[in-house]
Amino acid sequence: MSIMMDLIGSVIIAGYVILLGLRINMNMNDNAIATSTNVNLQEAMVDIVNTIESDFKKIGYGLPDPTLAVAYADSVRLRFRADMDRNGTIDSVEWYVGNSFLKITGNGTKRDSLLVRNLYRKYNNETGMLAAVNVTQFNLKYLDQDGASTSTLSNISMIESIIAISSPFKVADQVNPEKTAYATTIWRQGRTSTRNTKRHG
């Protein structure tokens, strides 16, 4: 009888050990997925930021009248003129976000949804090209050459920008693996100077 009890106890203990091992393995897999997702987000953000910064620094380049460099500007859309490829032809570049939409994941409940937008870059008369997906925030603020906020297009000399993008699915929280959330990365650019716009001495 005692042998039978020992066997049953051993089976129960072995079951607990196996379950513990499975849980540890699942947590390690979840953590690896979360880490990979965060790295991918950060790499995508670097690509977007490099393109935005490169574009914004060229605003007004090659224009005879730099006060005409910015054609349209609001908090989520900027259209400007510049000789982008230095061939003597003035180009038009526009950055903007599309309409927001609800991205539903998991079991399809509202609790598992995320309000996102797509970010586009339009070059001349071409169709706007997708620059980023799952954008949860994109805001632009315009400053004059003295650093004061301005809405006058001809006075725009610096741009403050912020962009946040999210993962397309929830991943395990790296602090508490029992919880899941959308991975997010945020970029804040203090001020990008439009080098080619006119400034006073």
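Predicted model: local features only at pLDDT ≥ 70, side-chain atom pairs only at ≥ 80, totals over all residues.

User: Is asparagine 118 buried or exposed?

Analyst: Burial is read from relative accessibility, with buried meaning under 20%. Asparagine 118 counts as buried because its relative accessibility is 17%.

User: Which residues is asparagine 118 in contact with, leaving aside its neighbours within four places in sequence?

Analyst: Setting those neighbours aside, asparagine 118 is in contact with Tyr96, Val97, Gly98 and Phe101, and also with Leu130, Ala132, Val133 and Asn134.

User: How many helices and strands are there in the protein?

Analyst: The protein has 1 helix and 8 strands. Read from the N terminus, the order of elements is α-β-β-β-β-β-β-β-β.

User: What do the totals for the protein look like?

Analyst: Of its 201 residues, 32% count as buried. The accessible surface is about 12200 Å², and carbon and sulfur atoms account for 55% of that surface. For contacts, take those with a separation of 6 or more: 51% of them join residues 24 or more positions apart.

User: Which residues touch the most other members of the largest nonpolar core?

Analyst: That core has 31 residues, and the ones touching the most other members are Phe56, Leu78, Phe80, Leu119 and Ile163. The elements giving two or more residues to this core are α1 (2-57), β2 (77-82), β3 (91-97), β5, β6 (129-143), β7 (158-172) and β8 (180-193). Helix α1 gives the most, with 6 residues.

User: What is isoleucine 163 in contact with, again leaving aside neighbours within four places in sequence?

Analyst: The contacts of isoleucine 163 beyond those neighbours are Met45, Ile48, Leu119, Val135, Gln137, Phe138, Thr185, Ile186 and Trp187. One of these, Leu119, is also among the core residues that touch the most other members.

User: Now the charged pairs. How many salt bridges does a search of the whole structure find?

Analyst: The search finds 3 salt bridges. To read one, take the distance between the closest N and O atoms, then ask where each partner sits. Aspartate 55 and arginine 121 form a salt bridge with their closest N and O atoms 2.6 Å apart. Aspartate 55 is in helix α1 and arginine 121 in strand β5, so to speak of position, the pair links distant parts of the chain, 66 residues apart.

User: Which residue does arginine 77 meet in a salt bridge?

Analyst: The side chain of arginine 77 meets that of glutamate 94, at 2.5 Å from N to O. Arginine 77 is in strand β2 and glutamate 94 in strand β3, so this pair ties together parts 17 residues apart in sequence. Arginine 77 is partly exposed, at 28% relative accessibility, while glutamate 94 is buried, at 7%.

User: What other salt bridge does glutamate 94 form?

Analyst: Glutamate 94 also forms a salt bridge with arginine 79, where the closest N and O atoms are 3.7 Å apart. Arginine 79 lies in strand β2 and glutamate 94 in strand β3, so the pair ties together parts 15 residues apart in sequence. Arginine 79 counts as partly exposed because its relative accessibility is 29%. Through shared partners, salt bridges join Arg77, Arg79 and Glu94 into one network.

User: Last, the backbone. What should I look for in phi?

Analyst: Most residues other than glycine have a negative phi. Arginine 86 has a positive phi, near 55°. Arginine 86 is placed in the loop between β2 and β3, and its relative accessible area of 64% makes it exposed.

User: What is the phi of asparagine 124?

Analyst: Asparagine 124 is not a glycine, yet its phi is positive, at about 50°. Asparagine 124 lies in the loop between β5 and β6. With a relative accessible area of 28%, asparagine 124 is partly exposed.

Methods: Residues numbered from 1 in each chain as written. Heavy atoms only, no water. Buried < 20%, exposed > 50% of the residue type's maximum accessible area, 1.4 Å probe, protein only. Contact = heavy atoms within 4.5 Å. Helix = DSSP H or I, 4+ residues; strand = E, 2+ residues; numbered from the N terminus. Areas by Shrake-Rupley, 256 points an atom, 1.4 Å probe, with all protein chains shown as cover. Core = buried A, V, L, I, M, F, W, Y, C linked by side-chain atoms within 4.5 Å. Salt bridge = Lys/Arg side-chain N within 4 Å of Asp/Glu carboxyl O.
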